[in-house]
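Open the model in your viewer and switch to a cartoon view. Keep the sequence panel beside it. We will go stop by stop.

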Amino acid sequence: MKRKFAAALGLCLAFSSLAPAAAFAEEEQVTLTIMSCLQTEDEAEQEAAMAQAYMDANPNVTIEFISVANNDLDAQVTTLAASDDLPDAFFMNCAFMSTAVDMGIIVDASQYMSEEFTAELSQEVLDYATVDGVLTFVPWHQIPIALIYRTDWLEQAGMDSIETMDDFREAAKAFTDISGAYGFSMVGARNGSGEARFSVYAKAFGVDEVWQNEEGAWESDLTSENFRTALQSFVDLDLVDGVVPAGSSETAYSDAVTYFANEQTGLLISGSNAVGAILNRNPELAGKIGSVPIPAGTNEDGRHVTNLQVSGYAITTACEHPEIMTDYLEFMANYDNAVPFGSSTGRLPVINSALEDEAFSGAEFVGFKDCMQYSIPYSTFPAYAEVQDIFGEAYNSMLTGSTIDDAMSTLEGRITELLAQYNE
């Protein structure tokens with residue numbers, strides 16, 4: 001397994017052999033500016049290699065990256081839009097899709113994508129990336145959220161599977177004993193990363209955070225008994241069961257991955273990219289990692305769910321060559337690039353032929369592929385990022401000492417005020 005992982009990483013650094021025939025060699029010189037958060041992350045070298053391969057095959061095209069940390073990207077795009085200085089494309093965060101459409105700063109990617117590429121995308125991928133009939137970006141990869149676990153520890157605990165939240169809690173306690181440290185890498189920080197994970201946890205209890213009724217008015221389940229149950233269950237893993245590393249309210253994604261990689265925990269709710277991050281930190285864990293869909297809540301409305309987290313680049317209205325930009329973005333997502341990139345990073349392919357490759361047949365990816373059937377479309381509420389902040393405040397405040405009654409009271413006031421603004 002270690003050799004297979006290293007080989008996959010090596011392939012990602014040799015994309016020059018996978019370049020397409022030059023498509024625009026006789027055209028004018030073109031420079032494409034792309035705002036990328038991956039250039040600040042572990043995948044920077046692979047992304048740069050793909051860009052170089054494309055430029056080698058298309059000498060008239062120059063690709064320039066603007067590196068921006070993911071947590072700063074939405075604000076940076078908004079600032080550049082206000083100053084009429086947008087790049088040609090930017091990495092689209094899910095919570096920013098509706099905002100970008102409302103701002104009128106992106107083109108409908110479906111107008112430029114080839115028929116061959118579009119035919120390789122599942123309807124779930126297209127639905128996820130579409131807001132008000134606008135395909136907000138060219139899909140590149142997907143990071144479904146599932147539960148990552150130590151397969152050897154589950155066997156040692158005498159458990160066959162993790163199907164429900166009761167199973168999850170039992171496994172967290174058993175893994176705490178096995179590790180001699182903790183069981184569950186909780187991402188409790190109040191940021192987009194933590195909120196994305198808590199979102200699927202709450203949805204597993206039947207919570208629909210914000211939705212439109214038949215009259216078109218926005219409503220929310222955040223004040224429901226289902227949400228209250230999910231919230232209490234989540235924080236109890238730390239406050240009651242003690243299966244979470246200390247300082248959970250400040251634990252970010254990178255911290256949670258490090259705990260897992262250092263074998264201090266054996267459970268992590270995360271996207272499939274965490275598999276690559278864990279193995280990069282500790283290759284000795286190859287063959288000891290599995291994944292299953294998010295366990296179903298144990299209340300009456302409990303269910304398996306996932307957030308597909310389809311990702312890619314949005315083409316802005318400032319782009320003078322959207323056809324060339326689209327050609328490059330399709331190149332990054334094609335079979336030859338998607339398989340080595342996905343198998344080394346955990347960012348799974350969006351095209352069906354690549355996703356079916358044997359590179360994604362191992363236990364570490366099975367749960368991520370299985371959970372896709374439980375995907376829920378991303379919210380189209382224009383201020384969904386604020387909804388995330390509202391429930392993020394709820395779980396984070398409880399982790400730092402607030403009672404559930406106080407947390408729910410603050411939440412109810414904020415969500416009621418927010419919905420009223422959009423229901424006027």
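In what order do the 6 strands of the open sheet with mixed pairing stand? The order is β2-β1-β3-β12-β6-β13.

Some ground rules come next. This is a predicted model, in which local features need pLDDT of at least 70 and side-chain atom pairs count only at pLDDT 80 or more, while totals for chains, interfaces and linings use all residues. Residues are numbered from 1 along each chain as its sequence is written, and side-chain values use heavy atoms, with hydrogens and water left out. Helices (H or I, at least four residues) and strands (E, at least two) are DSSP runs, numbered from the N terminus. Two strands pair if DSSP finds at least two bridges between them.

**Stop 1: the mixed sheet**

Now select β1 (residues 30-36) and β3 (residues 89-91). These strands run parallel, joined by 2 bridges. Find I34: it stands opposite A89 in β3.

Move to β6 (residues 138-142). All 5 of its 5 residues are buried, where buried means under 20% relative accessible area, exposed over 50%, and partly exposed in between (1.4 Å probe, protein chains only). β6 and β12 pair in the antiparallel sense over 4 bridges. V138 stands opposite Y313 in β12.

**Stop 2: the three-strand sheet**

Select β10, β7 and β11. They form an open sheet of 3 strands in the order β10-β7-β11, with antiparallel pairing. The edge strands are β10 (267-271) and β11 (289-292), each pairing on one side only. From one strand to the next, the twist averages 35°. Axes are lines fitted to C-alpha atoms, for helices over the stretch in contact, and angles run from 0 to 180 degrees between N-to-C directions.

Zoom in on β7 (residues 145-150). β7 and β11 pair over 4 bridges. The bridge partner of L147 in β11 is V292.

Which strands does helix α9 touch? Show α9 (residues 192-203): it packs on the sheet, touching β7 and β10. Contact means heavy atoms within 4.5 Å. The direction of α9 makes about 105° with that of β10. Next show α11 (residues 253-261). It touches β7, β10 and β11, and its direction makes about 135° with that of β10.

**Stop 3: a helix pair**

Select α2 (residues 44-57) and α13 (residues 322-333). They pack at an angle of about 125°, with their axes 10 Å apart. The two helices are therefore oblique to each other: angles under 35 degrees count as roughly parallel, over 145 as roughly antiparallel, 65 to 115 as roughly perpendicular and the rest as oblique. Show side chains for the contact. α2 brings E47, M50, A51, A53 and Y54, and α13 brings I324, D327, Y328, F331 and M332.

**Stop 4: beyond the helices**

Select N58. This residue is found in the loop between α2 and β2 (61-67). N58 is buried, with a relative accessible area of 0%.

Finish at α14 (residues 335-345). Of its 11 residues, 9 are buried; among them are N337, P340 and F341. Just after α14, G346 takes a positive phi of about 85°.
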